[in-house]
Amino acid sequence: MSGLLKSSIGRKVAMALSGLFLVVFLTQHFVINLLSVFSEETHNTVSHFMGTNPIVQFGLQPILVFGVFFHFIMGIKLELQNRKSRPVKYVSYKGSANATWMSRNMIYTGLVILAFLGLHFYDFFIPELIHKYAENHALEPGDSTRYYAETIHKFEQPWRVGLYVISFVLLMLHLLHGFQSSFQSVGFNNKYSKALKGFTRAWAIIIPLGFIFIAIYHHFNQLPH
């Protein structure tokens, strides 16, 4: 594994696989958040299950945190490697002629998304750890019904909603290139490639827009009528 990650191809494959793993998590996260729009009770039930299930908490959650940091570390390494391989700048470079804006700015959209994840961890993940383990409130009566209220509370302030909107727009741009290219990096190239490209493009637009809708919906739903 160590030798594999030292090669450019190995790093690209590792980054692609970690990216696909994060896509699965993002889809699951979106579905749970979307439940908050339709049913407070269902959202609380599913969130409580995910927040108390030992397989999720002590098995999948550490893997997720590792996957997030691994993906971004690989991305930064590949970006530095690409820049090092071209130490002399071109006299005239027209990036858009050979690559899309998304592909040329993956490192920047990725860094903004990483900063957003820091805010998201601060808003939800860290308070959840404190609530369950430091303050030991997880077994209190009524604890299973707190998730919906905590979720919509974060969308009360317009500035936070604005940050979420901007972050998910940049996530969309990141995914428009990254999701489809992940399959290319792992060697997926057959008669289904064209259909897969259409699917990844649709997914990269729909999921971030869905998160934006959830944030805006909960913000305006709390305003005085």
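Contact means heavy atoms within 4.5 Å. The model is predicted: local features need pLDDT of at least 70, side-chain atom pairs count only at pLDDT 80 or more, and totals for chains, interfaces and linings use all residues. Residues are numbered from 1 along each chain as its sequence is written, and side-chain values use heavy atoms, with hydrogens and water left out.

**Exercise 1. Confidence**

Task: State the mean pLDDT of the protein, and find the elements with the lowest and the highest mean pLDDT.

Solution. 
- Step 1. Start with the term: pLDDT is the predictor's confidence in each residue, from 0 to 100.
- Step 2. The protein has a mean pLDDT of 81. A value of 70 or more is reached by 86% of its residues.
- Step 3. Go element by element. Helix α5 (residues 95-98) has the lowest mean, 52. Helix α10 (residues 193-221) has the highest, 91.
- Step 4. Keep a rule in mind. Where pLDDT is low, the predicted coordinates should not be read in detail.

**Exercise 2. Overall make-up**

Task: Count the helices and strands, then give the share of buried residues.

Solution. 
- Step 1. Helices (H or I, at least four residues) and strands (E, at least two) are DSSP runs, numbered from the N terminus.
- Step 2. The count gives 10 helices and 0 strands. From the N terminus on, the order is α-α-α-α-α-α-α-α-α-α.
- Step 3. Buried means under 20% relative accessible area, exposed over 50%, and partly exposed in between (1.4 Å probe, protein chains only).
- Step 4. Of the 225 residues in the protein, 37% are buried.
- Step 5. Take the contacts between residues at least 6 apart in sequence. Of these, 78% join residues at least 24 apart.

**Exercise 3. Helix α9 and its partners**

Task: Describe how α9 packs against α7, then against α10.

Solution. 
- Step 1. Two packed helices are described by the angle between their axes and the distance between the axes. Axes are lines fitted to C-alpha atoms, for helices over the stretch in contact, and angles run from 0 to 180 degrees between N-to-C directions.
- Step 2. Helix α7 (residues 106-134) meets helix α9 (residues 158-185) at about 135 degrees, with axes 9 Å apart. Therefore α7 is oblique to α9. Angles under 35 degrees count as roughly parallel, over 145 as roughly antiparallel, 65 to 115 as roughly perpendicular, and the rest as oblique.
- Step 3. The crossing of α7 and α9 is left-handed (the near helix is turned anticlockwise from the far one by less than a right angle; clockwise would be right-handed).
- Step 4. The contact includes M106, T109, G110 and I113 of α7, and H174 of α9. Its residues divide into 11 nonpolar, 7 polar and 2 charged. Ala, Val, Leu, Ile, Met, Phe, Trp, Tyr, Cys and Pro count as nonpolar, Asp, Glu, Lys and Arg as charged, and the others, Gly among them, as polar.
- Step 5. Now turn to α10. The axes of α9 and α10 come within 8 Å and cross at roughly 170 degrees. So α9 is roughly antiparallel to α10. This contact divides into 22 nonpolar, 3 polar and 2 charged residues.
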